[in-house]
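I opened the model to look up two things.

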Amino acid sequence: MSLSYWKSWVVIPLMCCFACGPAITPTELEMPEDGVEASQSSAVVVTGGSLLSARYQHTATLLGNGKVLVAGGGTPSGEMATSELYDPATLTSSSGPSMATARRSHTATQLQDGSVLVVAGIGGGSVIASSERYLPGSNSWSAAAPLPRNSYGHSATLLADGRVLVVGGVSYVTNSYLYTPSTNTWASTGSLNAGMMGHAAVRLADGRVLVAGGGNSTTSSSNHAELWDPATGTWTTVASMNTGRNGHTLHLLANGKALVTGYTLAAELYDPATNTWTNTGSTAVTHSSAPSVVRPDGSILMAGGSFNTYGVELYTPATAGWITVGAITQGRTHHPTIALADGRVLFIAGTTYNAQGNMQALSSVEVFDPTATCAPTTCTAQGKNCGTISDGCGVTLNCGTCSAGQTCGGNNVCTCTPTTCAAQGKNCGTLSNGCGGTLSCGTCASGQTCGSNNVCVAGAPACGHNVCTTGAALTRTCSGCVNTVCSQDPYCCNTAWDSLCVSEASQWCAIAQPGCVTPM
């Protein structure tokens, strides 16, 4: 099944909150201590080095050895099979083994034995079903049974018994499947009441799985939600979210409620006991396609989500509120986000736009570090001279405006489009290209000289007819008057010298009366 490139962006596939590691149970979470908000106020984002390869729509999984497995992804030129092992301790990345199949927009789920299951995605420009399993002990990939259907935009959730529930996906299907690692097999399990793709999913404290939002056949941002019961393998429609979403994430909190955030300012809490959604604070900016993560203290952090959104925001369950705690320096989206045991959070690669307005993959890694101190940067230090950017400490800098003839590129640098000799109607000598360069417009023919306006004059061939009469097209070198007219109206020198050209000659060459001979 082939897939056009633009369509692959309709759905946000990077659901790292539930696809990149085991679900977090309430007993594994610790509520923040008093004063967490105050202690976070000086937190900043620092550089985390770079991946070996720029990539987006990849997955990132925190392994048991503390390293992060970065798998697949792509660039505008195609999908990747390579993997990397990023070390948060040294902020460096090393090559990992390559998958058998290049893919992006896949899911990655850490199984109970520490291995990582990647499922389906887009490969070779088509939607695929291929699945593979990364084995940390041997640092290798092994083939896994393929998903029963080609898919991307699905969710993958680790269950309490070690199986993986894969739900929905491209074409807004209602299918759901269970993967059993011990037998390397897939089995169907119930059907959604409404198809969805690009939704979010989370395992609740009682083992049920909540899915919500995403796209369906009528909207790209649905508020529909359903619950899957492992005891019966069936789906039940539950209360709808207050707001439709896509590119959002779901998290289980210590109190048993589920928090959904992203796509819109207001976050919401789902209470399984009452089957209700309640708004719980709003972010300062909209974060879309920016996975949020649960930190070890139970707080939830997210950043980015568009190419001009820099704020890092933190949600504290005890206060049910959001605060801005720093800023990333590179606007990015589709970037996996990983919470580390020491409280740091990684923002890994993703995508942005270049100065020409084209989408490009990133390799940079940024790290939210609550122990760091903030040293604000400047426009000059970042090499920016237009638009607005972050100072790295939560303040927005205005880097100015571009001069006439220039535009502010997506990288906040003024760009200039150089002109040409032909565009300026010049055919000799040298002149500026308008961007600091010099153009050589050539030399005049024998008997001609290059005038002060960079146009060959004098000794030019006689005009075929007087400029005050209509006739065939005239040559610029006939006279200074002809050059003046043709610089404003190229038709007169390219096609015919019509009545309009005569009128223009009368106006621009100060002709006293029709039929007169115009001076050079």
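I counted two cysteine sulfur atoms as a disulfide when they lie within 2.5 Å. The model is predicted, and on that count it holds 7 disulfides.

I took Cys-386 and Cys-408 to begin with. Their sulfur atoms are 2.0 Å apart. The S-S torsion is about 85°, so this disulfide is right-handed. Cys-386 sits in the loop between strand 30 and strand 31 and Cys-408 in strand 33, so the link ties parts 22 residues apart in sequence. I checked burial, with under 20% relative accessible area as the cut-off for buried. Cys-386 is buried at 0%, while Cys-408 is partly exposed at 37%.

Next I looked at Cys-402 and Cys-414, joined with an S to S distance of 2.1 Å. The torsion is -95° and the link is left-handed. Cys-414, in strand 34, is buried at 16%.

Cys-444 and Cys-456 are also joined, S to S 1.9 Å. Their torsion is about -100°, so the disulfide is left-handed. Cys-456 is buried at 4% relative accessibility.

Four strands form an open, antiparallel sheet in the order 16-17-18-19. Strand 16 and strand 19 are at the edges with a single partner each, so one side of each has no neighbour in the sheet. Neighbouring strands are turned by 25° against each other on average, direction ignored.

Strand 17 and strand 18 are joined by 4 bridges, with Leu-210 opposite Leu-227. Strand 18 and strand 19 pair over 5 bridges, and Ala-225 stands opposite Val-238. In their hairpin, with 4 residues between the strands, I noted Gly-233 at a positive phi near 70°.

Notes:
Residues numbered from 1 in each chain as written. Predicted model: local features only at pLDDT ≥ 70, side-chain atom pairs only at ≥ 80, totals over all residues. Heavy atoms only, no water. Pairing = 2+ DSSP bridges. Helix = DSSP H or I, 4+ residues; strand = E, 2+ residues; numbered from the N terminus. Axes fitted to C-alpha atoms, helices over the stretch in contact; angles between N-to-C directions. Buried < 20%, exposed > 50% of the residue type's maximum accessible area, 1.4 Å probe, protein only.
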